[in-house]
Amino acid sequence: MNLPILSLVTFLPLAGAVLLIFVHHERKNLLRVLSLAVAIITFIFSLSLYFNFNDQIPDPQFVEKADWLGYGIKYHIGVDGISLFLILLTTLLMPIIILSSWTYIQKRVKEYLIFMLILETGIIGVFVALNLFLFYVFWEAMLIPMYFLIGVWGGPRKIYATLKFVLFTMLGSLLMLVAIFFLYSMYYKATGVYSLNLFDYYGLILNPNIQIWLFLAFALSFAIKVPLFPFHTWLPDAHVEAPTGGSVILAAVLLKMGTYGFLRFALPLFPDAVMKFLPLLAVLSLIGIIYGGLMALIQKDVKSLVAYSSVSHMGLIMLAVFALNTEAIEGAIYQMLNHGLSTGALFLIVGILYERSHTRMISDFGGVSKQMPVFSAFFLICMLSSVGLPGLNGFIGEILCIFGIFKANKLLAILGISTIILAAGYLLWMFQRVMQGPITNEKILSFKDLNKREIVYLVPIVIMMFWMGIYPKPFLRKMDSSVTQLLNRVNKREIYFTQSRKDKDFLLEIEPITTEEKNEQKEDKAR
Amino acid sequence: MNNFFALSPILVVVLGALLVLLLDVFLKKENKNYLAYISLIFLVICAFVCIRFWNKNYSYFNGNLFLDNLALFFIFILVLATGFVILLSMKYITFQDVNYGEFYALLLLALSGVAIMLSSIDLLIIFLGLEVLSICSYALAGLKRKDEKSSEAAIKYFLLGSFATAFLVYGLALLYGSSHSTSISSIINFFITESELSIMALIGLALVIIGFGFKIAVVPFHMWTPDVYQGAPTPITAFFSVVPKAVGFIVFLRLFVPYWKNALNTQAIFWILWVICVLTMVVGNLVALRQTNLKRILAYSSIAHAGYLLIAVLAQDNSSLVFYLTVYLFMNIGAFAAVIALSRKGKEYLELEDYAGVGFKYPWIGVTFSIFLLSLAGFPPTGGFLAKFYVFSTAVREGLLPLVIIGVLASLISVFYYLRIIVYMYMREPAREIEIAVENPALFLVLFFCLYGVIQLGIYPRNILVLINQAVSSFF
Amino acid sequence: MGYFLFFLLAALTVGAVLAMIISKNQAYNALFLILAFACLGGIFALLEAPFIAVVQIIIYAGAIMVLFIFVIMMINVRYGIPAEKKKWTIYLSIVLAVVLIIELILSIKGAFTLPVSTAIIKAGPTDLGRLLFTKYLYPFEITSILIIAALVGAIVLIKKKEKK
Amino acid sequence: MTEIFWLIPFIPAASTLILAVFGKNLPKKYVSFQACFAVFASFVIAAISAVGLLQTAHASYPLVKNLFSWIQAGSFQANLSLMFDPLSAVMALVVSGVGFIIHVYSVGYMADDEGYTRYFTYLNLFTFSMLILVMGSNLVLMFVGWEGVGLCSYLLIGFWFEKHSAANAGKKAFIVNRIGDAGFLLGILFIFIHIGSAEFTAINQAISGGALSAGLATLIAILLFVGATGKSAQIPLYVWLPDAMEGPTPVSALIHAATMVTAGVYMVSRMNLLYTLSETAAQVVALVGALTAVYAATMALTQNDIKRVLAYSTISQIGYMFIGCGVGAYAAGMFHLYTHAFFKSLLFLAAGSVMHALSGEIDMKKMGGLRKYLPLTYPTFLIGAIAIAGVPFFSGFFSKDAILTKAFAQGQDSAFYYFIWGLGILGAVLTAFYMFRLIFVTFHGEERIDPEIKKHIHESPKIMTIPLVILAFFSVIAGYIGLPVVLGEKLNFFGKFLEPVIKEVHEVHLSLQTEWTLIAVASVVALLGIFIAYVFYIRSPMIPRNLAARFPTIYKLLFNKYYVDEIYNAVFVNPTVKGSEIIYDNFDLKVIDGAVNGTATATGFTGKILSYFQSGLIKDYALIFLLGVIIFLAYLLF
Amino acid sequence: MIPPNYFLILSVILFVLGSVAFFVKKDLITMFMSIEIMLNAANLAFITLARSANSADGQIIVFFIITVAAAEAAVGLAIILLIFRQKKTIKSEDIKLMKG
């Protein structure tokens with residue numbers, strides 16, 4: 001099959017969004033069904049990525065490359081073991097989100113769905129882009145729909161939250177942009193050829209002193225996205241104010257872009273700087289784990305509790321990323337998926353509660369289990385997945401992360417393991433206060449248990465949780481070769497630098513550029 | 001090639017102006033729209049001429065008039081801008097009581113000044129062209145005669161503009177005194193050698209920069225901008241925000257490209273421009289944060305954009321400068337078009353408060369305005385992003401890293417106020433109902449064109465880049 | 001003789017300008033300015049630019065300043081508008097003036113020692129006219145556009161609105 | 001036949017799945033049938049497998065069934081594989097056997113509960129998890145079961161979640177367990193790093209091969225033991241167990257007496273090579289066990305809640321098991337685990353029967369003289385009490401004696417073990433005392449029953465009493481498969497059975513005489529305890545009150561469980577919560593977020609200042625213009 | 001022949017006085033007059049420097065500048081008149097509707 005399957009997956013949602021524009025905004029159900037169909041079709045297409053993925057190849061697959069604007073700006077996409085599942089996660093969650101918003105969003109349904117679909121394209125684009133320009137375009141473009149999703153359909157402090165979200169993210173990404181420019185010019189100076197191809201940059205070896213600055217720029221951008229302590233304060237605000245769908249996508253996928261960025265860019269491009277900052281970043285991640293957990297413990301709002309729990313969980317993922325060994329990185333990727341599922345599910349669940357009660361304050365609830373037993377079961381499973389209970393997905397990610405961290409540094413692992421206590425603490429306490437105990441609020445008596453639609457969108461998540469918890473092999477195997485190659489990239493250059501002359505600015509053992517590309521660029525110049 | 005036809009772009013425009021003036025006498029008030037059509041026809045002819053003359057390098061008056069590709073490209077672009085402004089004005093002038101035939105005539109005359117400036121490399125001629133443009137601008141700014149703000153804008157523009165002109169003239173005198181010529185090439189030739197008069201020439205150059213700096217509104221010569229933009233009739237503001245700025249930068253281009261290349265000591269001027277650039281970006285964006293009037297916000301935003309454009313000048317990257325200007329034309333006129341759209345007879349909605357809820361009430365205006373704002377803020381996949389991308393990336397390559405860092409931080413600030421407008425449009429409940437006149441096909445045409453431009457330039461501007469490369473590589 | 005004339009005219013010009021700054025009546029100001037421009041015309045003559053000297057007196061001191069006076073009379077402000085009275089503004093302006101003068105003089109210092117050619121420039125009306133219609137034809141044509149623009153601009157701004 | 005052992009855990013698993021998904025629509029009868037049948041099937045398979053095991057050569061132990069490679073990344077490898085060897089067999093039999101009886105009992109006990117299906121789902125899930133725990137062939141899988149049973153414990157304690165106390169207790173149990181689990185997990189990681197595998201066979205091989213230094217072994221052993229203290233409710237993590245009595249009584253019997261709480265003992269026995277390697281760790285285990293045994297017993301002395309007494313008793317008895325492990329008598333520890341499973345579940349079920357009779361009353365003060373109302377419950381309860389008290393010829397006697405004997409024997413090497421033995425004896429006295437206090441207060445003496453309740457007093461239905469009888473029967477005879485060594489090596493079937501898995505170390509032989517003396521001492525202390533209880537609560541009931549009055553501090557201390565809960569709250573819980581609140585309010589909101597918002601405000605403020613220059617006056621604009629000119633010219637000139 | 005420095009210094013003085021007058025004066029008309037002074041100063045400089053260059057071009061340029069000044073005067077005075085019609089004042093301080 002010669003379909004450009006990856007482009008299809010990436011742009012299908014966008015096409016769907018365009019389609020929706022032509023539907024009258026009063027025909028809400030048609031809009032919903034259409035967007036759901038688009039999301040599901042996208043998901044089905046993305047499944048073919050999974051099935052046709054060859055886990056022996058470390059390099060990106062399904063590569064599509066086309067000239068775009070010249071000067072190294074190319075349309076260049078591909079999927080490797082690191083990004084594969086993040087794409088699948090996105091495509092899986094999107095139909096779920098649309099279903100979850102079925103009745104939750106009553107105002108401006110059309111716009112909501114359009115933004116959601118645009119957002120999906122943006123997110124997938126970030127994960128597939130192999131050209132830095134393209135990557136940055138998607139990275140930024142994705143902000144816009146998110147900005148609207150929070151700002152238009154958000155809670156009372158939505159404007160503050162959405163502006164904070166955008167400005168925070170942009171602060172990082174703009175500096176990253178400067179760093180990209182710097183790499184761009186370095187590469188040009190080194191080879192005389194314009195390129196923004198990530199894989200060309202992998203071959204570029206920079207002086208460690210320069211790496212430091214570039215790494216800082218990249219790392220800041222990703223750290224804000226993750227969010228790493230102390231750049232986390234946008235997260236609770238954004239989460240609390242966002243509508244359910246927004247929170248889900250934000251927690252489940254957007255945060256992963258930060259860790260993905262570290263894996264894809266910051267680590268392999270600047271290995272020496274990584275080594276230099278490793279202690280700092282590791283400590284920040286560790287602080288994030290404990291700090292996030294403690295803050296989650298005392299939140300009065302369910303959503304902000306889950307938000308802070310994200311800080312904690314993402315801290316663990318970051319710590320694992322910096323452990324720089326196979327186990328930890330595979331664990332980190334796995335945990336990214338887990339966190340996507342479990343935190344996403346928790347937000348869905350909070351959304352279900354909110355739809356019934358119009359409050360998110362923990363103190364307004366109590367004894368909901370009695371009224372909604374099925375809901376309670378789903379809630380319990382999702383919560384336990386987040387807690388990292390064996391048999392569910394969270395455990396595998398957590399144990400691999402902790403194992404990898406342990407391998408790298410015992411002390412960090414010992415402190416990091418506190419996450420499993422803290423997570424149990426805040427989540428169970430929250431569960432107790434919301435779901436258990438006597439019913440104190442009369443409103444709760446009127447709560448209806450889950451309807452079919454709600455069950456339909458929760459079930460896939462729960463199935464995934466069990467599947468990933470019981471039989472993770474299909475996931476882990478697909479990552480192996482890419483992760484190994486990533487680590488080779490990080491480690492090989494480490495060796496190089498211990499021997500190299502430190503006086504040079506940059507350079508390099510560049511993988512040869514094909515003559516074809518050089519000719520192309522000459523043509524560019526001629527025009 | 002010496003060819004009388006080289007005059008044709010200017011002549012066409014001036015003839016158009018004269019015809020409009022003539023017909024104005026005979027036309028009834030209700031039929032003043034014909035004047036707009038006539039103007040547009042002449043603009044189309046002018047644009048057509050520009051296309052036909054591409055790559056022909058016609059010149060006349062011993063090379064004083066020289067239609068190289070750069071000139072043609074920008075005449076075309078600014079003809080387009082003027083055309084947009086005329087389309088925007090058609091309803092506006094009847095609504096806002098500016099309904100004079102001279103309106104179009106002045107616009108066309110201003111455009112002729114622009115064409116004169118663009119097609120010459122003699123500072124005297126450029127100066128005269130600038131005066132044509134300025135005098136028309138002064139008058140245009142004050143055209144809402146019953147509006148105190150409009151006349152205030154006119155007087156401020158006029159007094160400060162003349163003040164700046166005086167500096168420009170003095171600078172010209174000093175340059176002339178040292179190089180005995182007003183032609184840019186001889187002036188640059190003078191800078192190649194060191195002499196006693198070098199310092200005088202340098203000061204002369206600085207004063208000329210200041211004179212043009214006023215036109216392109218760079219800090220600290222920008223003070224007039226917000227007031228004039230606010231007071232002037234809105235289509236005219238759109239005109240101000242694009243046309244003089246573009247022309248000013250093209251003059252800079254013609255002046256500095258050989259200057260950087262040939263002059264002995266370019267450091268002093270370089271650092272002055274560096275400081276101006278930083279100040280412009282920072283002050284423009286910071287003050288914009290405080291504004292609540294849409295036109296003022298856009299005014300400060302245009303100041304800030306002048307800063308980004310200066311980066312391109314400093315990076316000596318002509319094509320990115322030209323590309324930025326092209327994109328800037330579409331997004332800025334588009335933004336003003338959206339502002340103009342929110343008006344009805346006798347009333348303009350210009351305060352942020354008025355914009356609450358507009359996005360959903362008038363979806364097309366909201367969407368297009370948002371896209372223009374996002375483009376101004378530099379979000380992909382709009383032209384604004386690509387323009388910044390080109391400018392900043394070449395600047396980094398040229399070693400202007402600090403400038404670029406300041407630039408991106410400044411644009412971060414800018415994101416706030418651009419998004420704030422969107423916040424009002426989409427995320428606030430309307431505090432008071434607003435009523436606008438929706439039948440305005442000309443305006444929507446402009447919105448559509450600008451939207452198309454912004455998107456096309458953001459996603460696939462290859463063809464235009466090719467043209468731009470031809471334009472900047474061929475001049476001189 | 002030349003020096004004497006120069007100093008006289010220069011002193012008169014500067015004096016007139018200073019008087020204009022100090023005086024608060026626009027009409028007087030305009031008159032002072034006419035004086036200054038007339039003196040400048042004299043100085044132009046000293047610079048062997050007779051044509052420009054005449055133009056200066058006729059157009060500037062004559063036409064333009066008359067325009068000013070017309071406007072002043074139309075406006076007919078009863079009270080004078082004095083210059084800035086705040087102390088700091090005055091001090092500031094003096095400082096500004098001094099600094100700027102020093103700067104500009106320093107900048108044109110290089111021209112002070114330029115040799116003054118003994119050859120008399122051919123700058124009679126005929127020469128200038130020839131120059132104007134050959135080398136400077138294009139700028140000359142541009143001035144026509146300029147003047148049209150100015151006319152149209154001025155008229156559109158102050159014409160009375162036509163009645164319906 | 002043995003190879004089907006891997007089915008053991010999966011039958012309850014399948015049952016759980018069916019109940020969880022379709023349970024809502026299934027009739028009660030079917031639910032109870034399926035749940036009980038699943039466990040029974042497990043039991044049958046376990047029994048068959050165990051018999052098969054007896055016929056298999058020792059060399060082929062353990063039998064391992066590798067289902068699939070579960071987690072694999074880099075050097076981390078954990079298979080989903082089950083193993084079956086004598087140790088697992090014992091545990092599997094106890095879990096499924098006792099579990100089955102309790103399932104049956106629950107059918108009666110929970111008959112009227114709304115959450116009937118839910119209850120059995122949880123119970124099946126528990127059985128599954130517990131079986132995974134005991135049959136997992138590697139530490140990771142054991143950890144899965146370990147956490148799984150913790151979850152079930154959480155769910156079942158909080159079964160009646162509408163009650164604050166129940167919800168609270170469940171949460172507390174889970175979190176306290178998690179603390180232990182964290183240590184456990186660290187232990188696993190250490191083993192993984194240093195041995196490279198978590199398979200028990202590999203670990204044992206590596207340890208035998210000397211892969212671990214003594215120091216490392218100590219560290220790992222203690223970390224693992226931290227996990228055990230959590231799960232098995234030892235000092236300092238025992239606090240959750242008394243609260244766990246909020247759950248339904250059969251749950252207390254199954255999870256919090258017979259099976260789950262003894263997982264720690266199983267684990268230590270499983271890792272016996274490790275503990276043998278590290279003397280220090282073994283001593284820690286023994287010491288913690290002994291201290292817990294006594295400490296918990298003292299708390300049991302004053303409790304009035306019938307289930308809490310049993311809970312403390314459980315803690316105390318598990319302490320004994322750990323003494324066994326600590327002194328190297330792993331088989332004895334396991335033996336005690338096995339006997340304890342019978343009599344403790346019997347006690348709980350009987351207590352449940354009492355509560356059932358009294359409409360849920362749990363306060364002993366409101367009982368008394370129940371013997372005549374509960375003709376079947378009383379004798380079974382009594383048998384249980386006798387068994388636990390360590391009266392000769394009952395099962396508890398044999399197992400407890402085996403432990404204490406071993407401890408005494410170890411004393412020949414180090415006086416430390418005499419101390420342990422002494423504590424053990426003290427604990428034995430206390431055990432006998434509080435158990436009979438319970439009997440006397442509940443079933444004898446005057447009736448203090450609420451008259452309203454009295455009207456409804458009735459003996460439990462057969463479905464509840466038959467399990468009692470069965471358990472009582474086993475409480476009596478269970479001990480006979482592990483008779484003391486003095487009676488002949490061969491009679492210790494139990495020890496023999498476990499021998500291939502558990503290598504008895506420090507084979508210190510006591511003289512026959514000493515052994516007999518020890519047996520005598522043990523018997524005497526048990527009887528002594530019973531006698532004191534008789535004196536205190538039947539002959540002269542004034543004594544306890546007087547004692548309480550004489551030593552109010554001690555009484556209060558005991559009555560309030562040494563204030564440990566309060567201390568934990570004050571030292572750990574509250575500071576964490578309060579501290580977090582303070583950090584949130586003052587650091588997160590004010591410093592971090594403050595910095596963010598402050599930057600924004602500062603930017604805005606700068607803009608405001610700059611906009612003052614934009615005064616609207618031409619004059620000012622000109623001034624700024626001029627200043628700009630002056631400065632730039634100055635820069636060019638100078 | 002008077003050396004150019006005299007004229008040039010006079011031109012500088014006039015230019016600066018003009019620019020300062022623009023800053024100090026308060027009525028629009030006189031402010032505009034100050035600009036005329038500055039332009040004249042520039043003219044003076046042009047002619048002086050042209051004389052040094054021995055060329056008539058400077059004078060032509062001055063001629064153009066005077067034209068420009070005239071054109072500016074026309075429009076400028078119109079604007080001032082417009083202001084006066086509206087506000088009945090030509091004090092520059094009264095013109096600050098827009099600021100900030």
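One term to begin with: contact means heavy atoms within 4.5 Å. Hold on to that, and we can start with two chains. Here 29 residues from chain C are in contact with 36 residues from chain B.

Some ground rules. This is a predicted model, where local features need pLDDT of at least 70 and side-chain atom pairs count only at pLDDT 80 or more, while totals for chains, interfaces and linings use all residues. Residues are numbered from 1 along each chain as its sequence is written, chains are lettered from A and ligands numbered from 1 in the order in which they are written, and side-chain values use heavy atoms, leaving out hydrogens and water.

Back to chains C and B. How much area do chain C and chain B bury between them? About 2,900 Å², with 77% of it on carbon and sulfur atoms. Buried area is the accessible area, taken with a 1.4 Å probe, that two parts lose on being put together, summed over both.

Now the charged pairs. A salt bridge is a side-chain nitrogen of Lys or Arg within 4 Å of a carboxyl oxygen of Asp or Glu. The rule finds one salt bridge across the interface of chain C and chain B. The partners are B:Glu102 and C:Lys159, and their closest N and O atoms are 3.0 Å apart. Polar contacts come next. That term covers a pair of N or O atoms within 3.5 Å; within protein, one must be able to donate a hydrogen and the other to accept it, and residues adjacent in sequence count only if both atoms are side-chain atoms. Between chain C and chain B, five residue pairs are in polar contact, both residues at pLDDT 80 or more.

Which elements of chain C give two or more residues to the side that touches chain B? Helix 4 and helix 6. Helix 6 gives the most, with 15 residues. By helix I mean a DSSP run of H or I, at least four residues, numbered from the N terminus. That side of chain C divides into 18 nonpolar, five polar and six charged residues. In this scheme Ala, Val, Leu, Ile, Met, Phe, Trp, Tyr, Cys and Pro are nonpolar, Asp, Glu, Lys and Arg are charged, and the others, Gly among them, are polar.

Next, chains C and E. Among the eight pairs of chains that touch, this pair has the most contacts. Chain C puts in 79 residues and chain E puts in 71. Together they bury about 7,000 Å², 82% of it on carbon and sulfur atoms. The rule again finds one salt bridge across this interface. It joins C:Lys135 and E:Asp57, at 2.6 Å from N to O. Ten residue pairs are in polar contact between chain C and chain E, both residues at pLDDT 80 or more. On the side of chain C that touches chain E, helices 1, 2, 3, 4, 5 and 6 each give two or more residues. The largest share, 13 residues, comes from helix 3.

Chain A does not touch chain E, with nearest C-alpha atoms 24 Å apart.

On to single residues. A:Thr244 sits in helix 11 of chain A, residues 244–269. Buried or exposed? A:Thr244 is buried, at 2% relative accessible area. Buried means under 20%, exposed over 50%, and partly exposed in between, with a 1.4 Å probe and protein chains only. The residues A:Thr244 touches include A:Tyr104 and A:Phe347.

Last, the backbone. Most residues other than glycine have a negative phi, and most peptide bonds are trans. Look at the exceptions here. A cis peptide bond joins A:Val226 and A:Pro227, with omega about -5°. A:Pro227 lies in the loop between helix 9 and helix 10 of chain A. The bond from D:Ile235 to D:Pro236 is also cis, with omega near 5°. Then phi. A:His358 has a positive phi, near 60°, and counts as exposed at 57% relative accessibility. C:Glu48 has a positive phi of about 60°. This residue is in the loop between helix 2 and helix 3 of chain C, and counts as partly exposed at 24%.

That's my tour. Thanks.

Terms used
Lists of a residue's contacts leave out its neighbours within four places in sequence.
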